[in-house]
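Please open the model in your viewer and keep the sequence panel beside it. The stops below follow one another as selections.

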Amino acid sequence: MAVFTENQKIQLLSDLVAIQSVNDHEEQVATYLQKVLVDHGIAAKLLPVATNRANLVAEIGQGGPVLGISGHMDVVSPGEVSQWASDPFTLTEHDGKLVGRGAVDMKAGLAAMVIAMIELHAAGQPQQGRIRLMATIAEEVGEFGSQAFYEQGAMDDVSALLIGEPSGYNLFSSHKGSMDIKLTSRGQAAHSSMPELGANAIDPLLDLLHQANQDFRQTDRYNDFLGDLTFNTTVFNGGNQVNSIPEAATAEMNVRTIPEFDNDQVTTTLQKLVDQANDQGGQIEMNVYMSQNPVQEPKDSPLSDLAARIGASFAGGPIPKLALPAVTDASNLLKDKGHQFPFIVFGPGNESAHQVDEFVDRQMFLDFTSLYQKLFTAYLEN
Ligand SMILES: [Zn+2]
């Protein structure tokens, strides 16, 4: 049932883009969406996570099964505003494109899900089962919002999950995990003419990184769909003067993990190398300061098959099922769900996320507001 005109749908997206939720202030997005939902007779609740930061949960229908739908409310920084053709926080239309920070990643997906829920609810849908919206904070940095949903049990009774990240007409059910790790090596400063009076902090760290490159790269652990684990030292600092033995050195690594070589195994492998280095006189400490699990769910599931079929009529052709390069909130939301859980990333999109002049195609955004309604009811009636 049409509740919104096309212009009203775009106005809703425009209102969301105008809220500058750059890794903060998601509470304003949540409050705005709560009001829109409540105005249309749908209960919606803010779940505060930190100051100015609240998740939002809303539900329609009754009984089971429960279809989970999720999107994040934060956006990345617009960067140098002067490089944008128009103000990043004013949704601006030209040539069928709606331009603005967060337009595609992912306020369009979020708006489309909310509009779909409202229009379904107005039409007395779904007749069986429930649709639960979980709008998250901090997806771009930290993923604390999805972690909070996981800890609160919001996923416990969910039987399938759709995340509306900007896939466009592609379907994703798997992605690698990601870890950020820092190693800090301590030594003892001394004049470089008398190194025996000091301890070089760089040496043991270099040896360790060399060994780690071998252990992580020369492995036969492989995932058919996601490929290899990748391990890279991305930041290295040590010493401060050419004629002094360095007393400190640090290295930071980013690891992209796969189910066959997962985050726990990476931590164990690296800790072993740290222990070895320390047994030989090093003083190295390891800090895993970010860890998101890999996600691998079947590419063919009741949900993905329906999405492919229903989506194809909007896309005007078949919809490929691929592996996603980036991490999503699914790393947290699917923590206890095993590897047979129906999960898709499917939302209005293109590759302009995080870029200057980020945009969503106007027609694709509007199409997803209808596509979601067909998909959600088809899944629950299945
Ligand atoms: Zn995103």
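Select Glu165 to begin: at 9% relative accessibility it counts as buried, where buried means under 20% relative accessible area, exposed over 50% and partly exposed in between, with a 1.4 Å probe and protein chains only. This is a predicted model, in which local features need pLDDT of at least 70 and side-chain atom pairs count only at pLDDT 80 or more, while totals for chains, interfaces and linings use all residues. Residues are numbered from 1 along each chain as its sequence is written, and side-chain values use heavy atoms, with hydrogens and water left out.

Asp105 lies in helix H3 and Glu165 in the loop between strand S7 (158-163) and strand S8 (171-175), so the pair ties together parts that are 60 residues apart in sequence. Helices (H or I, at least four residues) and strands (E, at least two) are DSSP runs, numbered from the N terminus. Asp105, at 6% relative accessibility, also counts as buried.

Leaving out residues up to four places away in sequence, Ser174 touches Phe225, Leu226, Val295, Gln296, Glu297, Ala323 and Leu324, contact meaning heavy atoms within 4.5 Å.

Then display the open sheet of four strands, ordered S11-S13-S9-S14 with antiparallel pairing; two strands pair if DSSP finds at least two bridges between them. Strand S11 (230-238) and strand S14 (284-292) stand at the edges with a single partner strand each, so one side of each is left without a neighbour in the sheet. Between strand S9 (residues 177-186) and strand S13 (residues 248-257), which run antiparallel, there are 10 bridges, and Arg186 has Ala248 in S13 as its bridge partner.

Finally, colour the largest nonpolar core, which has 64 residues, and in which Phe346, Phe365, Leu375 and Phe376 touch the most other members; such a core is a set of buried Ala, Val, Leu, Ile, Met, Phe, Trp, Tyr and Cys residues joined through side-chain atoms within 4.5 Å. Helix H3 (residues 103-122) supplies the largest share of this core, 14 residues.
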